[in-house]
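Hi there,

Here is the structure I promised to pass along. Have a look at it first, and my notes follow below.

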Amino acid sequence: MEKFELFENERATAYDSFVKNWIPNYGTFLNMLPHLFNDTRNDKLLAVGCGTGNEILVLKKNGYSGSIMGIDPSPEMIAQATDKLKEYSDIVLKEVLVSQLTIDHQFNAATLILILHFLKDDGEKLDLLRDISIRLEPKALLIMLDITGNEKEIKKNLEILRKLLPEDMGQDEISKRMDRIYHELQHVSEERIIELFIEAGFEEPTKFFQSTVYMGWMARKKD
Ligand SMILES: C[S@@+](CC[C@H](N)C(=O)[O-])C[C@H]1O[C@@H](n2cnc3c(N)ncnc32)[C@H](O)[C@@H]1O
């Protein structure tokens, strides 16, 4: 079973405001998803690590007509997603990891938003990408948002991120989070992201979005 990061208690309840404060242009990124998945070839979507359901909500609100399965290992996050998405149909939410889904489950689209940086680049990242890839049809589109960059880029972009944070955020909170991003989260370079996608069975990914340390990537599964 792959490694995972449990979101519970305050980390779960405060998640939606945390993500808005800490990821400049997170909303802009999400708003691109309905356009990028607006294709009948991408109408069976797997949202890996869907958390409180933000990516699913933006798709459904903007007329995505396909089916969506959202999965997440954290019960408190799945509970929030269930509540947030209760008025929409064609959504299945499950408290599971990708590796627990049967392999004959075929999806033709997937999201992996703010997950990969929790996993080490010692096989864990590759295992997760492979676990997704083997459940996708050829040419399926995967869209990812993740902390990306080499040490120098991360350092410089963290200084830019600092300037974009809400003015009322405390200095202690800022220092702690900056430290965590730099020292604890498992960011890798753009070159390494490209290698990992290709090794996992995807075509070469395209970087289509960047907001400080956060980069948006898309790739199709190989034929
Ligand atoms: C930062 S949140 C992102 C949630 C959502 N994608 C969003 O953009 O709002 C990370 C989520 O990933 C889940 N998670 C952690 N490790 C995971 C893994 N190995 N596979 C799938 N999900 C995982 C956590 O439970 C948490 O809900």
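Let me start with one residue, and please keep in mind that this is a predicted model. Leu114 has a relative accessible area of 9%, so it counts as buried, the cut-off being under 20%. You will find Leu114 in the loop that runs between strand S4 (107-113) and helix H6 (124-133).

Now to the ligand, which I expect you will want to look at anyway. The space it takes up is the largest pocket. Around the ligand there are 22 residues, and the closest of them are Lys3, Tyr26, Glu55, Asp72 and Ser74. Sorted by class, this shell is made up of 13 nonpolar, 4 polar and 5 charged residues.

- Lys3: a polar backbone atom is 2.8 Å from a nitrogen atom of the ligand.
- Glu5: a backbone N or O atom lies 3.0 Å from a nitrogen atom of the ligand.
- Ser74: here a polar side-chain atom takes part, 2.6 Å from an oxygen atom of the ligand.

How much of the ligand does the protein bury? On its own the ligand exposes 600 Å², and 99% of that is buried by the protein.

Happy to go through any of this with you.

Best wishes

Technical notes: Residues are numbered from 1 along each chain as its sequence is written. This is a predicted model: local features need pLDDT of at least 70, side-chain atom pairs count only at pLDDT 80 or more; totals for chains, interfaces and linings use all residues. Side-chain values use heavy atoms; hydrogens and water are left out. A residue is near a molecule or strand if one of its heavy atoms lies within 4 Å of it. A polar contact is a pair of N or O atoms within 3.5 Å; within protein, one must be able to donate a hydrogen and the other to accept it, and residues adjacent in sequence count only if both atoms are side-chain atoms. Accessible areas come from the Shrake-Rupley method with a 1.4 Å probe; for residues, only the protein chains shown count as cover. On a 1 Å grid over the protein atoms alone, a cavity is a set of points where a 1.4 Å probe fits but cannot get out, and a pocket is an open set with protein on both sides within 12 Å along at least five of seven lines; lining residues have an atom within 4 Å of a point. A molecule sits in a cavity or pocket if more than half of its atoms lie within 2 Å of its grid points. Ala, Val, Leu, Ile, Met, Phe, Trp, Tyr, Cys and Pro count as nonpolar, Asp, Glu, Lys and Arg as charged, and the others, Gly among them, as polar. Helices (H or I, at least four residues) and strands (E, at least two) are DSSP runs, numbered from the N terminus. Buried means under 20% relative accessible area, exposed over 50%, partly exposed in between (1.4 Å probe, protein chains only).
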